[in-house]
Amino acid sequence: MVTSTLHKTTPKDVFLHLLMIAALYVSVVSFLALLFQYANMLFPDALDFYYGEIGERIRWAGSALMVTLPVFLFLASVMEKDFRKAPAKRELKIRKWLVYFTIFAAAVTMIVDLITLIYNFWGGELTIKFFIKTASVLAVAAAVFGYFLWDIRRTPEARSSLPRLAAWIIGFVAFAGIASGFFIVGSPAAQREHRFDERRINDLQTIQNEIINYWMTKGDLPTEPTDLRNSISGFTPPTDPKTETPYEYRVLTPVSFELCATFATDSKRSVTGKAVPAVRPYGPYGATEDNWEHGAGRACFGRTIDPERYPDRPSLKKPPQSL
């Protein structure tokens with residue numbers, strides 16, 4: 001009767017096993033995402049157009065790993081203690097199904113990701129990044145595959161110190177991976193300064209577009225940013241997001257002007273000191289081709305309008321001849 005009771009699957013067993021496996025999957029994916037983005041950050045590729053998104057991906061992956069990995073390790077520890085009290089629970093069907101599915105998923109992941117990485121490498125991806133990503137996928141997938149294959153094969157009564165050792169190794173490796181993010185993408189305070197600078201660039205681009213629209217409509221450049229206010233469209237020139245002071249604007253010639261702002265970071269360098277692609281903010285039609293590179297401190301951007309690009313603006317049209 002006792003053995004039969006131990007073999008019976010309860011709602012608690014289902015919940016614990018499903019939650020543990022889900023936490024494991026999210027942790028593995030997040031850890032691999034961290035390693036992939038670290039490789040992208042440390043070895044930038046000129047063909048990687050969306051370089052600015054790397055920091056955000058690292059923050060998401062690191063946040064997910066910091067939450068789900070402790071959940072997985074805690075549930076694994078609870079279940080291991082439960083198995084020691086009732087070894088027959090290792091034979092629960094839901095446990096075997098989930099463990100075998102995890103082994104299958106690990107094997108498929110190794111195959112699919114290797115195919116994908118080889119395809120990208122063949123397409124010209126950097127060799128160093130290729131080997132880092134390949135080694136990461138192989139190491140993580142092989143570790144998951146090997147551990148769960150060992151776990152499903154051991155007898156219910158067998159005791160081993162491997163689960164505890166594996167938990168310590170996983171915790172150390174994950175902590176090192178998360179901590180590396182603070183050195184690679186910067187601290188939360190540094191990331192906030194980067195976000196302020198990104199906002200300043202987008203604000204300057206918006207003001208630049210409004211200035212060109214103003215010139216196309218009236219034939220002259222606005223004398224000051226307040227001239228761009230439009231009560232119909234509701235446009236008001238943005239100000240610095242941190243200091244709330246207006247951005248600097250000067251008219252240089254009838255067709256050229258200058259926009260200035262004070263930045264906290266250097267867009268041409270990452271926190272590791274490596275050069276990064278030029279900053280290209282996003283507009284209504286995707287990324288612009290304007291050069292918005294800047295250093296830390298005050299930076300100005302000169303712009304010259306080519307009248308030949310706007311031959312049909314109303315200000316250049318000749319008035320209709322009288323009959």
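1. First, the ground rules. This is a predicted model, where local features need pLDDT of at least 70, side-chain atom pairs count only at pLDDT 80 or more, and totals for chains, interfaces and linings use all residues. Residues are numbered from 1 along each chain as its sequence is written, and side-chain values use heavy atoms, with hydrogens and water left out.

2. Strand β2 covers residues 256-263; strands here are DSSP runs of E, at least two residues, numbered from the N terminus. Seven of the eight residues in β2 are buried (under 20% relative accessible area, 1.4 Å probe, protein chains only).

3. On one pairing, β2 runs antiparallel to β1 (residues 248-253), with five bridges between them; strands pair if DSSP finds at least two bridges. The link from β1 to β2 is a hairpin through two residues. T253 sits opposite S256 of β2.

4. β2 also runs antiparallel to β5 (residues 297-304), this time through eight bridges. L259, for instance, has F301 in β5 as its bridge partner.

5. Now S256, which belongs to β2. Buried or exposed? S256 counts as buried because its relative accessibility is 5%. Its side chain makes a polar contact of 2.4 Å with the side chain of T253 (a pair of N or O atoms within 3.5 Å; within protein, one must be able to donate a hydrogen and the other to accept it, and residues adjacent in sequence count only if both atoms are side-chain atoms).

6. Leaving out residues up to four places away in sequence, S256 touches L221, V251, R303 and T304, contact being heavy atoms within 4.5 Å.

Key:
Buried < 20%, exposed > 50% of the residue type's maximum accessible area, 1.4 Å probe, protein only. Helix = DSSP H or I, 4+ residues; strand = E, 2+ residues; numbered from the N terminus.
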